[in-house]
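Reader: I'd like to go through this model with you, piece by piece. Could you show it first, and then take my questions?

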Amino acid sequence: MFHGDNGCRLVSMKTQIHTQLGAPPHDGSYDNEALSCSTIDITAPNSGEPHGGLRGSNEFILSDSGKKVTGDDQTGQLNMWLQRKARSAFSEKMIKKRLPILRWLPQYNSTDAIGDLVAGITVGLTVIPQALAYAGIAGLPAAYGLYGSFLGCIVYIVFGSCKDVPMGPTAIASLLTFQTAGGNVGKAILLCFLSGVVELLMGLLGLGFLVDFVSGPVSSGFTSAVSLIIVTSQVKDVLGISAKGTTFIEIWRNIFNDIHNVQVWDTFLGLTCIAVLLIMRIIAGLKVGPADDELKSKNHRIINKLMWLIGTSRNAILVVVCGAIGYSFQSSAVAPFKLIGDIPPGLPSLKAPPFSLTANETMSGTEESFMEMVSSLGSGLIVVPLIALMENIAICKAFSNGKPVDATQELIAIGLANIANSFVQGFPGTGSLSRSAVNNASGVRTPLGNIYTMALVVLSLLFFTPYFSYIPKASLAAVIIAAVVFMVEVKVVKPMWRTKKSDLIPGLGTFIACLALPLEMGILFGVGLNVVFILYHAARPKISVERLTSPGGAEYLIITPDRCLIFPSVDYVRNLVTKQSIRQSLPVVIDCSHVYGADFTAATVIDSITQDFARRDQPLFFYNLKPSVCAIFEGLSPADFVVYYREEHLDDLLKQRAYKPKEVISA
C-alpha cells in the first residue's frame, strides 16, 4: 500500500501491481509509479504525461545514423562500442593524457631546465649509493642496482604524470624481489619484466582502483613491518656476519646463531656511519639567520643552501669517504672491512630477459623452463606490481598539491619502465619516496629531471665502477638503515587512536603478520582483516529508536537505520524491530531516509515483518522510502506494505487502520 500526495490512494499491493502498472507499452518503456508517491513536483509545465514525461528505458538506443539498435542486435551494439572506443583512444585529449610529455614539453623554458638540472644531479647523488645498497637487499650483486636505475628514467619522462617521481630501485621493491626471486639473478630480471607486463595490463584495463582496497592502517602496518625487516636484514652487514632469512623472525634467529663471529671493525664502521648520517640529516634541516627569509643576508642564504646540500648528499659523501678508506687498505694482506667486491665496468648489454635457466644458473643444479620459473615466482607476480603502484601513488598524492592522481597512467608508466629495465638486467623498481622528497626540495619542474639522474648513473657505470668495489658493506648497510628507519610509521598511531580506535586492529594485525609471515601473506592477511571489518559494519548498522508523538497526538515508535539493507544486516534489523515493537506496543514507523539500497534477502525479510505486524494487528509504516528501494520490496508483493512521504499523513493512516493501543508489555 502507498500513501503520498493527493494523487496517491491507499490500495492493496496486489491491486496496485495489476491496475497501476498494467501491461507495458508496446515500445517497452514504463512509468515509475513510485515517483507518484513523492512529495517532489516534477511535472513538466503544460505536459499531460505523468511525472513530466519521465520514462524508463526503451531498451533501444539510436546509432549515429539515427537508426534504432534493439537489445537483440548485439553485433550492432558491439560495433558502436568499438567505434566509440576507437574515437576516444585516438582523440587529441586521450593522446595527451597517455603521453604526458606532450602537455609540458611545448611550454618548456630555461627556468624549467635549470630547476630540472639541479634536482636531477642532486637526486643522482642520492640514487647511486642507494642503488648499490638496494641490490644487496634484493640479494643481487651491487651492479644490478645501477642497471635498474637509468633506462626506466627515460621511459618515465615520456609516460610519467608526476614530476617528482625518480624511477629506480626502492627498499620495499628490493625486499619483495629477494623474497620472490630468492637472490637468483635470472629470476629477478624475469620478475622485473613480468611485473612490468602486469602493471601495463592493469593500466590498460583501468585496474588502478585496486589500491583502494588497501586502507591507510593496512598500508601503514605493511610499510612499518617492511622497514623493520629491511633494517634487520642489514644488521648482519653492520656486524660483519652471515645471517640469511626471508622473515623478521628467521633473520634474527640466524643473527643470534652467528653472533660469535662478529667483526669489530665492521661493527665500528657501521655504527659510526649510522651516527654520521643521522647527524648530517639534522644538519640538512638547520637554518641560520633570522626566521623570516626576507631578512636573511646573502651569506645566510649561501650557508643554509650549503648545509642543505651537504645533508641531502650525505649518502654520496659517506660512500665516497668510506670507499677511500677501503681503497687505502688495498695493499694490505687482509682488509679490516668486508667490501662489496668487483663490479663489471661499462653499461650492461641490451638483451631480452632470460626465459629459461641453465643448470649452472639455478641453486638446484637443474634446468628450469619458463613455466617453472613463473611458477617459482608465485604470488610475487601480483604482489610486486601492486606494492609498486602503492608506493608510486603515495608519492604522487604527497606532491600533487590537491590535484587528482591518474593511477592508470602511473601503472602504464612504471609498467613500461620495468619492461625497459628488464632488457638491461634491472630488477623491479618504482618511485622512491625519499628520493622524491629530495627531488621536490631541489626545485624539480618537470619529469625531465630524470634525464640528469640517468646521466650520472651512466657516467658512474662507465668510469667509476672499478672504485665502487672498495666500498665497505657496513657503510652501505648504514645508508639503508639510516634511510629506512624513518619509514616506520609510529606517528600515525596517536591520530588513529584519537579518531577511530578499531582501525588500529587491521594496522597492527598487518604489522605482526608481515613480520611473522612472508610479505605477500602479510599484506593479504591485512586486506582480509580490513574486509572483515567492513562486512561487520555492514552487518551491524547503527539504529536509533525514538518514541514520538504525531501532529494529531498519537504516540508511535520511529526506528531509523543509518545505511542500506542488505543480506548481512537484515536479520539484525528485523530482530531489533520485532523486539522494540513488542516491548513498546505502539505503531512503528521505519524511517528509510538513509536506506539507499536493498537486495532480495531484504525484500523477503520486509515481507515477513509486515506479516508479523499484521498478525499482531500492530501498524507498521515505512517513511521516505526511495523509489528504487521501494521497487525491490514490491517484487515480492507484500500485502500490508505501507509507504508515506509526509509526516502529516501518519495520522490519516492510523485513523484508517482504526488502531487502538494495547497494554504495554513490560521488559
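**Overall picture**

Author: Of the chain's 667 residues, 47% count as buried. Keep in mind that this is a predicted model.

Reader: How many helices and strands does the secondary structure of the chain come to?

Author: The model is predicted, so the elements are those of the model. The count for the chain is 27 helices and 9 strands.

Reader: And what share of the contacts with a separation of 6 or more comes from residues 24 or more positions apart?

Author: Take the contacts in the chain between residues with a separation of 6 or more. Residues 24 or more positions apart account for a share of 76%.

**Helix pairs**

Reader: How are α7 and α17 oriented to each other, roughly parallel or roughly antiparallel?

Author: Helix α7 covers residues 151-159 and helix α17 covers residues 407-422, and their axes come within 8 Å. Those axes cross at roughly 150 degrees. An angle over 145 degrees gets its own label, so α7 and α17 are roughly antiparallel.

Reader: Which handedness does the crossing have, left or right, and which residues of α7 meet α17 there?

Author: As α7 passes α17, the crossing is right-handed. On the α17 side, the residues involved are Gln409, Glu410, Ala413, Leu416, Ala417, Ala420 and Asn421.

Reader: Let's zoom in on Ala413: buried or exposed?

Author: Ala413 lies in helix α17, and leaving aside residues up to four places away in sequence, Ala413 touches Val155, Tyr156, Phe159 and Gly160. Its C-alpha atom is 9.1 Å from that of Gly152, a residue 261 positions away along the chain. The relative accessible area of Ala413 is 0%, and under 20% is the cut-off that matters, so Ala413 is buried.

Reader: What about α14 and α20, roughly parallel or roughly antiparallel?

Author: The axes of α14 (residues 314-328) and α20 (residues 473-484) come within 10 Å. They cross at roughly 170 degrees, and the crossing is right-handed. Since that angle is over 145 degrees, α14 and α20 are roughly antiparallel.

Reader: Which residues of α20 meet α14?

Author: From α14, the partners are Asn315, Leu318, Val319 and Cys322. In α20 they meet Ser475, Leu476 and Val479.

**Rings and charges**

Reader: How many aromatic pairs does a search of the whole structure find, and what kind of pair do Trp104 and Tyr108 form?

Author: The search of the whole structure finds 14 aromatic pairs. Trp104 and Tyr108 have their ring centres 6.0 Å apart, with 55 degrees between the planes. That makes the pair of Trp104 and Tyr108 tilted.

Reader: Why is the pair of Phe633 and Phe641 edge-to-face?

Author: The ring centres of Phe633 and Phe641 are 5.9 Å apart. The cut-off for this label is over 60 degrees between planes. For Phe633 and Phe641 the angle is 85 degrees, so the pair is edge-to-face.

Reader: Which residues do ring pairs link into a cluster?

Author: Ring pairs link several Phe residues into a cluster. Its members are Phe193, Phe355, Phe370 and Phe423.

Reader: Where is Ser585 found, given its positive phi?

Author: Ser585 has a phi near 55 degrees, a positive value in a residue other than glycine. Ser585 is buried, with a relative accessible area of 10%. Its place is the loop between α24 (570-584) and β7 (588-591).

Reader: And Asn624: what is its relative accessible area?

Author: Asn624 isn't a glycine, yet its phi is positive at about 60 degrees. Asn624 is found in the loop between β8 (620-623) and α26 (627-634). Asn624 is partly exposed, with a relative accessible area of 30%.

Conventions. Residues numbered from 1 in each chain as written. Predicted model: local features only at pLDDT ≥ 70, side-chain atom pairs only at ≥ 80, totals over all residues. Heavy atoms only, no water. Phe/Tyr/Trp six-rings, centres within 6.5 Å; stacked < 30°, edge-to-face > 60°. Axes fitted to C-alpha atoms, helices over the stretch in contact; angles between N-to-C directions. Helix = DSSP H or I, 4+ residues; strand = E, 2+ residues; numbered from the N terminus. Parallel < 35°, antiparallel > 145°, perpendicular 65-115°, else oblique. Left-handed = near helix turned anticlockwise from the far one by under 90°. Contact = heavy atoms within 4.5 Å. Buried < 20%, exposed > 50% of the residue type's maximum accessible area, 1.4 Å probe, protein only.
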